[in-house]
Amino acid sequence: MSKSLFQKPIEIKISTVVAVSAILSTPDRLALDAALAEMTGGTTDFFEDDLTVIDVAALPAGCAPIDWAGIIALLKKYRLNPVAVRNAPPSMAAEIAAHGLSIETATKPRDEQEAAPAPAKPAPAAVAPAPAATAEGFPGNAGVMIIDTPVRAGQRIYARGCDLIITAVVNNGAEIIADGSIHVYNTLNGRALAGASGNRDARIFAMTMSPELVSIAGVYRTFEDGFPAEYARSPAQIRLVGDRIDILSVNSANRA
């Protein structure tokens, strides 16, 4: 009997989809275009048709109306693929839907949702038990994803709500993403994006650095001319200082 007789016409399964956030602080398309041009440095494949969530929470009150068609076209010009809008007020809902975008409702971190009211009187002094490891509700938990095999070109790994630890090489063309920090106990090539959900305290560590692109909380830095030689062959870390990506030796106070 043919196997196709038992094959369902369609199946729906839970899948992890990684999207970048485009956080707008102005609806001015000329200003946005200039900022994106500076960010990408004219590199046509800086983004690779990444699914994109437009976040409007940072827009000032009383700003000009958003030209959704223009914003969508602008992001697509830089190979960003808008699929949803985050933090939109109800008044924007109809127009957002008319442009084929879904509306993403921001939720509080799980630890805030489950926080119990303060007790009426102080509890006796005691050592609180360590929380169970989980991959949700970062920050404030012990969640971690560990990868022991090489990350191949074209492969994308996302540690949602936790740190990412990789003990093997990350190859060119691979992309690793974490809501927390990234630790590579080997050579880091490819693209590394830490603090993907906005955690500006996240960092990227590697025994040997040779990345194509790094990002902390959405702030990017590329290395078209190669990673700084003084840090490329020794353990280094990458962190966010203000709006600048800093490179720092793990073993000293030197930085680039």
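A: Let us begin with a term: two strands pair if DSSP finds at least two bridges between them. Helices (H or I, at least four residues) and strands (E, at least two) are themselves DSSP runs, numbered from the N terminus. This is a predicted model, in which local features need pLDDT of at least 70 and side-chain atom pairs count only at pLDDT 80 or more, while totals for chains, interfaces and linings use all residues. Residues are numbered from 1 along each chain as its sequence is written, and side-chain values use heavy atoms, with hydrogens and water left out.

Q: Which residues cover the faces of β12?

A: On one side of β12 there are L213 and S215, on the other V214 and I216, and all of these are buried, so that both faces are covered.

Q: Where is N87, and is it buried or partly exposed?

A: N87 is found in the loop between β3 (80–86) and α3 (93–98), and it is partly exposed, with a relative accessible area of 34%. Its phi is near 65°, a positive value in a residue other than glycine.

Q: Changing topic, what is the strand order in the open sheet of six strands?

A: The order is β5-β7-β9-β11-β14-β15, with mixed pairing. β5 (144–147) and β15 (244–249) stand at the edges, and because each has a single partner strand, one side of each is left without a neighbour in the sheet.

Q: How do β14 and β15 pair?

A: Strand β14 (residues 236–241) pairs with β15 in the antiparallel sense over six bridges, and the bridge partner of A236 in β15 is S249.

Q: How many aromatic pairs does the structure hold?

A: The structure holds two aromatic pairs, and rings of Phe, Tyr and Trp (its six-membered ring) pair if their centres lie within 6.5 Å, with planes under 30 degrees apart counting as stacked, over 60 as edge-to-face and the rest as tilted. One of them is formed by F47 and Y220, which are edge-to-face at 5.7 Å centre to centre, with 85° between the planes. This pair links distant parts of the chain, since F47 lies in the loop between α1 (29–40) and β2 (50–55) and Y220 in strand β13 (residues 219–222), 173 residues apart. Both F47 and Y220 are buried.

Q: Last one: which residues touch the most other members of the largest nonpolar core?

A: Of its 33 residues, L164, I176, I182, L188, I204 and I238 touch the most other members. A nonpolar core is a set of buried Ala, Val, Leu, Ile, Met, Phe, Trp, Tyr and Cys residues joined through side-chain atoms within 4.5 Å. Another core, of 27 residues, lies apart from it, and I54, V56, Y78 and L101 are among its members.

Conventions:
Buried means under 20% relative accessible area, exposed over 50%, partly exposed in between (1.4 Å probe, protein chains only).
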